[in-house]
Amino acid sequence: MITERRSPDACAIERAAALLRAGGLVAFPTETVYGLGANAFDQDAVHKIFAAKGRPSDNPLIVHVADVEAALPLCHISREAHILIDAFCPGPLTLLLPKTDRVLHQVNAGLPNVAIRIPSNPIAQALLRASRLPIAAPSANASGRPSPTTADHVYHDLQGKVPLILDGGPCTVGLESTVLDMTAETPTILRPGAITLEQLLAVLPAARVTDSVLRPLKQGEKACSPGMLYRHYAPNGKLVLVTGQPDRVRDRCLHLYRQATQEGIVAKILIFEEHRPLYNAYWTDEESGTLRSMGFLSHPETVARRLFSLLRRMDEDGAELILCEAMAPCGIGLAIMNRLRRAASFRMEDADQPWHPLERSRQ
Ligand code: TXA
Ligand code: MG
């Protein structure tokens, strides 16, 4: 199959809508990440999504709709859910709602609820309106890779597996949507995103975050969202999150970096832009090429936007060890740390604690 990439003019949107109606796949931009879409009412089309991504069939898909009216055939919307939709949709929020019997079990893995999202990206909106279909779409990456935030990322992962990619440029948010379970006794964030807990609390004071957001699942523990079971976001190299006072973090990164390079290991350091001066005085010119900026700590949305590109870049750079500064898990920082902790397989290094080389060698 030849994969066509098109800029999303009216003609390309029409072609994409026709492809969806005919049971084909289309990759399209949303404000969060690119999606790999199919007609949510077409079982064979939905099956193609799982095949193209190499995705386990027990991991349910989000159904994208243009507006709340288009969601009505698919789910039951409570008063509280309506309040959230009024406040945050269209936008980067996915609601888990009780499903109707029109939802195919291939879409929601036979669960009693369905994930519904109304994206705000104008190209996604144009496609939903032109096709007049609900579009089932996971992120348009190969399973296990970081979600794609550019058409290039999609092309890299799915070339030959999808007939059309609508190229809408880089995604503005850069992290997947907040997934909020409205069917739980207490509305619960299963995946943090750009709509933050703090924002949700302002309209839904009972909202909470599932406590497994920042830690691995315990043995035998059931994932509330099947996607959390799978290895995610991890670059090929070993990523280590370094926490602590910025100058101690710098010292620890420097130490680990130099130790690695002495052993011939390719190492990179991911820092916040504000911390660059901390490193400058300590680096030779040659070494300074190992620093990569994640964006501004003072504007964490810049970090969110760049994160997945940067993780992909680490693979292109052949990084075998990636030392990464950590941030506080509040606001959108919770979503950033959720993705980074998974990318690091929960490896953390506390720079405020003394260095224990013997302990490390046991790990
Ligand atoms: O921003 C986004 O949400 C992007 C764009 C394309 O909309 N989509 C996305 O889809 O990230 P995906 O499939 O990569 O992630 C959806 C997550 C998965 O972890 C999945 O397990 C969970 O949502 N999910 C979907 N339906 C669910 C359901 N009925 N119950 C529990 N979890 C569900
Ligand atoms: Mg995904």
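**Entry 1**

I started at Pro90, which I found in the loop between α4 (79-88) and β5 (93-98). The model is a predicted one, and I read every entry here with that in mind. Cys89 and Pro90 are joined by a cis peptide bond, with omega at about 0°.

**Entry 2: a backbone check at Ala109**

Next I went to the loop between α5 (105-108) and β6 (113-117), where Ala109 sits. I noted a positive phi of about 55° for Ala109, although this residue is not a glycine.

**Entry 3: α1 against α6**

I took up helix α1 (residues 10-21) and helix α6 (residues 122-131). Their axes come within 9 Å and cross at roughly 55°. I logged α1 as oblique to α6, because of that angle. The crossing is right-handed. Which residues meet here? From α1 I listed Ile13, Glu14, Ala16, Ala17, Leu20 and Arg21. From α6 I listed Ile123, Ala126, Leu127, Ala130 and Ser131. By class, I have 8 nonpolar, 1 polar and 2 charged residues in the contact of α1 with α6.

**Entry 4: α12 against α13**

I moved on to helix α12 (residues 300-316) and helix α13 (residues 333-343). The axes come within 10 Å, and the crossing angle is roughly 25°. An angle under 35 degrees counts as roughly parallel, so α12 is roughly parallel to α13. I recorded the crossing of α12 past α13 as left-handed. On the α12 side, Pro300, Val303, Ala304, Leu307, Phe308 and Leu311 make the contact. On the α13 side, I found Ile336, Arg339, Leu340 and Ala343. I sorted the residues of this contact into 9 nonpolar and 1 charged, with no polar ones.

**Entry 5: the two domains**

I noted about 1900 Å² for the area buried between domain 1 and domain 2. Carbon and sulfur atoms give 57% of that area. Which three residues supply more than any other three of the area that domain 1 buries against domain 2? They are Pro146, Leu175 and Leu214, with 35%.

Note on methods: Residues are numbered from 1 along each chain as its sequence is written. Chains are lettered from A and ligands numbered from 1 in the order in which they are written. This is a predicted model: local features need pLDDT of at least 70, side-chain atom pairs count only at pLDDT 80 or more; totals for chains, interfaces and linings use all residues. Side-chain values use heavy atoms; hydrogens and water are left out. Axes are lines fitted to C-alpha atoms, for helices over the stretch in contact, and angles run from 0 to 180 degrees between N-to-C directions. Helices (H or I, at least four residues) and strands (E, at least two) are DSSP runs, numbered from the N terminus. Angles under 35 degrees count as roughly parallel, over 145 as roughly antiparallel, 65 to 115 as roughly perpendicular and the rest as oblique. A crossing is left-handed if the near helix is turned anticlockwise from the far one by less than a right angle, and right-handed if clockwise. Contact means heavy atoms within 4.5 Å. Ala, Val, Leu, Ile, Met, Phe, Trp, Tyr, Cys and Pro count as nonpolar, Asp, Glu, Lys and Arg as charged, and the others, Gly among them, as polar. Buried area is the accessible area (1.4 Å probe) that two parts lose on being put together, summed over both.
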